[in-house]
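Hello,

Here is the structure you asked to look at. Please open it first, then read the notes below it.

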Amino acid sequence: MEQNTFLKPRTISAIKDFICVLPALVFLGIFTYYPICKLIQISFTDWNLLNDTWNYVGLKNWIWLFNGSGTKHLLNSLKVTVLYSIGELTITLLGGLAFALIFGRLNKTFSIMRAIVFMPKYVAMSSAAVVFLWILNTDTGILNYLLNCVGLPSVDWLGNRNTALLSVLMLTGWRAIGYGMMIYLSAMIGISKDYYEAASLDGATAVQSFFKITLPMLSPTTLFLFVTTFISSMKVFQSVDILTSGGPYRATEVFVYTIYKYAMEDFRMDRASVVAIAFFVLLLVVTASTFKISNSSVHYDS
Amino acid sequence: MKGTNSSLERQLAAQRKKKIVTGVQYTLAIIVTLIVIFPLYWMISSSVKSQDEILLLKPTLWPHEIHLENYSNVFNRVNFGKYYYNTIVMTAGILGSQIITGVFAAYGFSKGKFKGQNACFIFVLGALMIPLQVTFIPIFIMCANWGMSDTFLGLILPECISPYYIFMLRQTFMAIDDSYIDAAKVDGLGRIGIITKILTPMCKSTLFTTTLVTFTNGWNSYFWPKIIAKNEQRRVLTVGLAQLKNTFAGQATMNNHEIMAGAVMAILPVVVMFFIFQKYMLTGYSKAAMK
């Protein structure tokens, strides 16, 4: 390349710089952007993995999804996913903030306790899930044993459609709450002591200064947690897969699980594709709207 | 503020109040910590109990006897050693490729200069919006057609570039002054030299923390391995553990001691790493928060 007299050194340098990013571009093209196009194509076919051939069927799958037998499943997935997201957001944001206030003391004992509370984030979901399966077990689980001890009846945590989603949230919340706490704590440490001193000189109580100083100063952190948790919670799959397999009666069938079921259990690639596209659009809408909120309602410390 | 007496009283009252607050905080913190650690304690303590003890109507908090053979039984029941090997190779593959491609791409986007740089970067960021949970159907079909079902390549390939990793490194590289790069160029260092001798050492800590996040994500990944590696031969720990439960054919609750032993073994490497690199583990996440 160096002997090339037709190209200026600056052009060669630009080409070399481009080559640095080229693998990433090619890869993302093949494994991210191309599949989205392919997905749209599949959504217009009747592709079933069990058959050898497939044909274009026009809007058939889309009609199935929005105005046919698929609609109620779509609405169910939407409802379950939104409920789940609200749950995880509440646990991560409110729970995380509460934990940050409880564990905010800076000494050795508290730093050990913080590490313990944060650790579940690193426990593989599979391991955590099998433990929760057992803790929540109707007959032999320790949670029901404890409930019985204080005179309450046993609950069929995972088999009851009213408590199944709550059980999934217990597991994911257990892993998420320490993370919320750590993010809040590291932001709290960054708030200047001067504000609190000034407030206490003016006679503000601890509660007042929490609502007037801490909370507004934490709003960028809250927003960050809100956006990232919201988007990641919509993609929940593993906890549902191991704990409830979407049941009972689809009470925990979140979006990703629906897509997974159509594709990998029923082999209906056509139906899985339309649901996947609907899910993708939902993700885009959520992301776009959360970013819109972020531009209007966050207080930044100058 | 009338007399010294009342101000002294007020001070004492304030001190008393502070003591109560401290007491309440300690009590709350200890209770919460015990609740949070309970599932892990339960996992570990159950993993060494005997089957009889597991089935007691009144659960025992502390195991009566230690049964370490539960652990070896897991190896007899499913190919846990193989799962370990598969997980290690997969995680190493993902880590290696994400680091190499990530470092080069981050260099190109931060210190390089070429036409369409911004458009290319937006192309990378846009990929952040398209998760595998949406695109897995075509990717699965592609990989199957290329004969990559139940292979390491199939496990690694869809995860081998991370837009998140590129983004994080690019932000870090941007912070480094161009004069270092220019000086290195004058000294005759090429791009690879600049990346390995200047940028990487200067961004050691970010590189390390981001890599830790990548490692745990890889080790704990479940969705894609479950889809592409159904076969025993290339099954990873996370999927294998869920499978272990099924080998008891509906009798899982009778054999929870062995399942818990498997669960402990599956998390051991990451939990050990967590305690060693505790400080870095947090900054890995909070750095993303600060961006």
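Just after helix α9 of chain B, G188(B) has a positive phi of about 85 degrees. This is a predicted model, so please read that angle and everything below as computed from a prediction.

How many of the 9 residues of α9(B) are buried? The number is 0, so this helix, residues 178-186, lies largely in the open. A residue counts as buried if 20 or more other C-beta atoms lie within 10 Å of its own.

Chain A has 13 helices and 0 strands. Of its 302 residues, 40% are buried. The radius of gyration of chain A is 25 Å, whereas a compact globule of 302 residues would have one near 19 Å. Along the principal axes, the C-alpha atoms of chain A fill a box of roughly 70 × 70 × 35 Å. Among contacts in chain A with a separation of 6 or more, 68% join residues 24 or more positions apart.

One helix pair in chain A is worth a look. Helix α8 (residues 193-201) and helix α9 (residues 206-217) of chain A pack at an angle of about 145 degrees, and their axes are 11 Å apart. The crossing of α8(A) and α9(A) is right-handed. On the α8(A) side the contact has Y195(A), Y196(A) and A199(A), which meet S209(A), K212(A) and I213(A) in α9(A). These residues divide into 4 nonpolar, 1 polar and 1 charged.

The contact between the chains takes 67 residues from chain A and 65 residues from chain B. Helix α1 of chain A (residues 9-42) gives the most to the chain A side, with 18 residues. That side divides into 51 nonpolar, 11 polar and 5 charged residues.

Regards

How values were computed:
Residues are numbered from 1 along each chain as its sequence is written. Chains are lettered from A and ligands numbered from 1 in the order in which they are written. This is a predicted model: local features need pLDDT of at least 70, side-chain atom pairs count only at pLDDT 80 or more; totals for chains, interfaces and linings use all residues. Axes are lines fitted to C-alpha atoms, for helices over the stretch in contact, and angles run from 0 to 180 degrees between N-to-C directions. Helices (H or I, at least four residues) and strands (E, at least two) are DSSP runs, numbered from the N terminus. A crossing is left-handed if the near helix is turned anticlockwise from the far one by less than a right angle, and right-handed if clockwise. Two residues are in contact if their C-beta atoms, placed from the backbone, lie within 7 Å. Ala, Val, Leu, Ile, Met, Phe, Trp, Tyr, Cys and Pro count as nonpolar, Asp, Glu, Lys and Arg as charged, and the others, Gly among them, as polar. A residue is buried if 20 or more other C-beta atoms lie within 10 Å of its own, exposed if 12 or fewer, and partly exposed in between; C-beta atoms are placed from the backbone. The radius of gyration is taken over C-alpha atoms; the globule rule is 2.2 Å times the number of residues to the power 0.38.
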